[in-house]
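Please find below a colleague's note on the structure shown here. The points are numbered so that each may be taken up separately.

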Amino acid sequence: MSISWDKVPHFTREEFDDPLYPGSGDLIDGVLLHLLVKTRLETGWFMITHAAVGGCVDVDGKHGHSPHSYHRKDMGCKACDFHFKTKVSPREQFYVLMRMGFTGIGVYFDWHWGGKLLPIGFHVDTRPRICCQVWTRRNGKYIYLLEG
């Protein structure tokens, strides 16, 4: 099913495009897009996607994602990396994402945007609930809340 972008508030297709494939934002998972829109509408916080660096749709795996990454086309384009433009605390930002129903949440304190270190950045996805996961990365090592 195709996305009617003229009916999607606060986001455009280009905000999800693989930078190597203009127009590929159409591949973004509809459930993921719905949750992102819901988050934006409920919080009022601007969300800056990281599509420009391959942090949304990844058509052919050329953006450094693992072979089983939900960013990838062959995994359904069910992931988005972004940061909020808000002064709200990182804890409150994380709480909102937990409440929204994302089944995968990565919390990053080492991402840069516009040449500056972000206070916090997020990966969110809509993986199957049986595989739900929360993680972070410290000193290049991934730390998962749930093993297995």
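The points below treat the basis of the note, then a helix, a strand, the core and the aromatic pairs.

1. The model is predicted, and local features require pLDDT of at least 70, side-chain atom pairs pLDDT 80 or more, while totals for chains, interfaces and linings use all residues. Residues are numbered from 1 along each chain as its sequence is written, and side-chain values use heavy atoms, with hydrogens and water left out.

2. Helix H2 spans residues 90-100, and Gln-93, Val-96, Leu-97 and Met-100 are buried in it. Buried here means under 20% relative accessible area, exposed over 50%, and partly exposed in between (1.4 Å probe, protein chains only). Helices (H or I, at least four residues) and strands (E, at least two) are DSSP runs numbered from the N terminus. Viewed down the axis of H2, the buried residues fall within an arc of 95°, so they line one face of the helix; the arc is that of the directions from the helix axis to the C-beta atoms. An α-helix has 3.6 residues a turn, so residues three or four places apart point the same way.

3. The cover over the buried residues of H2 includes helix H1 (30-43) and strands S2 (79-85), S3 (104-108) and S6 (121-125). Contact means heavy atoms within 4.5 Å. Just after H2, Gly-101 adopts a positive phi of about 105°.

4. S1 pairs with S2 in the antiparallel sense over four bridges; two strands pair if DSSP finds at least two bridges between them. Lys-85 in S2 is the bridge partner of Phe-46. Arg-40 lies over the face of Phe-46, at 4.4 Å from the ring centre (the criterion is NZ of Lys or CZ of Arg within 6 Å of the ring centre and within 35 degrees of the ring normal).

5. Which residues touch the most other members of the largest nonpolar core? Among its 29 residues, they are Phe-16, Leu-36, Phe-82, Phe-102 and Val-124. Such a core is a set of buried Ala, Val, Leu, Ile, Met, Phe, Trp, Tyr and Cys residues joined through side-chain atoms within 4.5 Å. H1, S2, H2, S3 and S6 each supply at least two residues of this core, and the largest share, five residues, comes from H1.

6. Thr-39 lies in helix H1 and is buried, with a relative accessible area of 0%. Leaving aside residues up to four places away in sequence, Thr-39 touches Gly-44, Met-47, Phe-84, Val-96, Leu-97, Met-100 and Phe-102. With that same exclusion, the contacts of Phe-102 include Leu-32, Leu-35, Leu-36, Leu-97 and Val-124.

7. The structure holds 10 aromatic pairs. Rings of Phe, Tyr and Trp (its six-membered ring) pair if their centres lie within 6.5 Å; planes under 30 degrees apart count as stacked, over 60 as edge-to-face and the rest as tilted. The rings of Trp-45 and Phe-84 have centres 5.0 Å apart and planes at 80°, so this pair is edge-to-face. Trp-45 lies in the loop between H1 and S1 and Phe-84 in strand S2, so the pair ties together parts that are 39 residues apart in sequence. Trp-45 counts as buried at 12% relative accessibility, and Phe-84 does so at 6%.
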